[in-house]
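Hi everyone, thanks for coming. Let's walk through a structure together, one piece at a time. Please have a look at it first.

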Amino acid sequence: MSADAPTQCGVVAVIGAPNAGKSTLVNQMVGQKVAITSAKAQTTRARMLGIALYGPVQMILVDTPGIFEPRRRLDRAMVSAAWEGTHSADAVLLMVDPIKQRRHELIPLLEALEKRPERKILALNKVDKAKKEPLLALAQELAERIAFDEIFFVSALTGDGVPEMMEALAKLMPKGAWMYPEDQVSDASERLLAAEITREQLYQQLHDELPYDAAVRPESYEVRRDGSVEIRQQIVIARDSQKPIVLGKGGQRIKEIGEAARKELSEILGVKVHLFLHVKVAENWSEDKEVFEEMGLDWVK
């Protein structure tokens with residue numbers, strides 16, 4: 001891009017019900033992984049930024065937690081972070097899974113979104129899997145509820161329809177200087193990203209065995225003299241009965257979690273990574289203000 005070319009820069013808040021594919025879409029738009037994904041709902045906990053480029057336009061993508069009916073303090077903090085992510089946005093992108101739909105969470109979200117002033121874009125996900133007629137019917141139904149500026153049919157996984165959507169979003173961004181350097185893809189620190197990558201592996205490898213009452217706390221992140229990185233993390237669980245699940249027979253499961261996370265971090269950081277994990281039982285970690293701050297969440301009463 002020419003140094004004299006006029007630039008645009010704006011904020012796009014990506015919202016939706018849990019597990020609609022928001023993080024996968026953000027990763028697709030950025031062009032590399034900046035947010036963890038999982039088949040489990042509510043994987044994203046804090047508000048994280050992905051930074052996408054489209055020609056002279058820089059789009060700050062706010063990947064928000066799924067919006068749902070909160071029950072616990074952690075739930076309330078996640079929903080608060082999601083709505084906070086829409087403030088000062090130049091556009092709000094509503095992501096909908098047409099197969100699961102999750103209407104009990106989608107309808108209240110539509111009612112709240114209807115009153116907001118931002119430009120609104122609807123993205124119906126999983127165009128590669130959803131049947132055409134129900135997909136078009138859902139698009140028409142949602143368009144009758146809210147005056148979306150544009151509607152797109154995309155696949156966050158394969159990228160189908162994403163370039164066309166990015167082009168439309170780019171046109172909505174105001175003129176102005178870029179907020180981040182050209183080579184920066186996220187606002188997350190490497191320390192936080194490392195903890196998120198380990199948490200993703202917890203979800204992927206333990207599936208339904210481990211519920212959401214688990215967190216990964218960063219303890220240290222140091223660059224060694226040889227240029228490699230030494231990372232120490234604490235896996236926090238709520239009950240003693242969960243410890244054997246995380247450790248596995250002879251410590252095999254935690255070894256596999258650590259090895260998968262270490263390999264991915266080495267690829268992302270471009271250096272050798274030494275990752276050390278240990279497990280701690282803390283029954284009330286989800287009521288610990290310090291843990292919330294580490295996750296990037298506000299303490300919500």
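**Two helices side by side**

Let's start with a meeting of helices: R103, L106, I107, L110, E111 and E114 of α3 meet L138, E141, L142 and R145 of α4. Contact here means heavy atoms within 4.5 Å. Sorted by class, this contact of α3 with α4 has five nonpolar, five charged and no polar residues. For those classes, Ala, Val, Leu, Ile, Met, Phe, Trp, Tyr, Cys and Pro count as nonpolar, Asp, Glu, Lys and Arg as charged, and the others, Gly among them, as polar. The axes of α3 (residues 103-114) and α4 (residues 132-145) come within 10 Å and cross at roughly 35°. Axes are lines fitted to C-alpha atoms, for helices over the stretch in contact, and angles run from 0 to 180 degrees between N-to-C directions.

Some background: this is a predicted model, where local features need pLDDT of at least 70 and side-chain atom pairs count only at pLDDT 80 or more, while totals for chains, interfaces and linings use all residues. Residues are numbered from 1 along each chain as its sequence is written, and side-chain values use heavy atoms, with hydrogens and water left out.

The protein chain has nine helices and nine strands; these are DSSP runs numbered from the N terminus, helices being H or I with at least four residues and strands E with at least two. Of its 301 residues, 51% count as buried, meaning under 20% relative accessible area, with exposed over 50% and partly exposed in between (1.4 Å probe, protein chains only).

Now to the inside. Which residues touch the most other members of the largest nonpolar core? They are L25, M29, M59, L61, L93, M165 and L169, in a core of 28 residues. Such a core is a set of buried Ala, Val, Leu, Ile, Met, Phe, Trp, Tyr and Cys residues joined through side-chain atoms within 4.5 Å. Elements giving two or more residues to this core include β1 (8-16), α1 (22-30) and α5 (162-172), and α5 gives the most, with seven. L169 touches V12, M29, M59, A91 and I121, leaving aside residues up to four places away in sequence. Apart from this core lies another, of 27 residues, with V62, L124, L135 and A139 among them.

Back to α1 and α5: they pack at about 80°, with axes 11 Å apart. α1 and α5 are therefore roughly perpendicular to each other, the word used for 65 to 115 degrees, while under 35 is roughly parallel, over 145 roughly antiparallel and the rest oblique. L25, Q28 and M29 of α1 make the contact with V162, M165, M166 and L169 of α5. That gives six nonpolar, one polar and no charged residues.

Finally, look at an open sheet of three strands, in the order β7-β8-β9 with mixed pairing. Strands pair if DSSP finds at least two bridges between them. β7 and β9 (273-281) stand at the edges with a single partner strand each, so one side of each is left without a neighbour in the sheet. β7 (residues 214-223) and β8 (residues 229-237) run antiparallel, joined by nine bridges, and S220 stands opposite R232 in β8. β8 and β9 run parallel, also with nine bridges. Helix α8 (residues 252-269) packs on the sheet, touching β7, β8 and β9.
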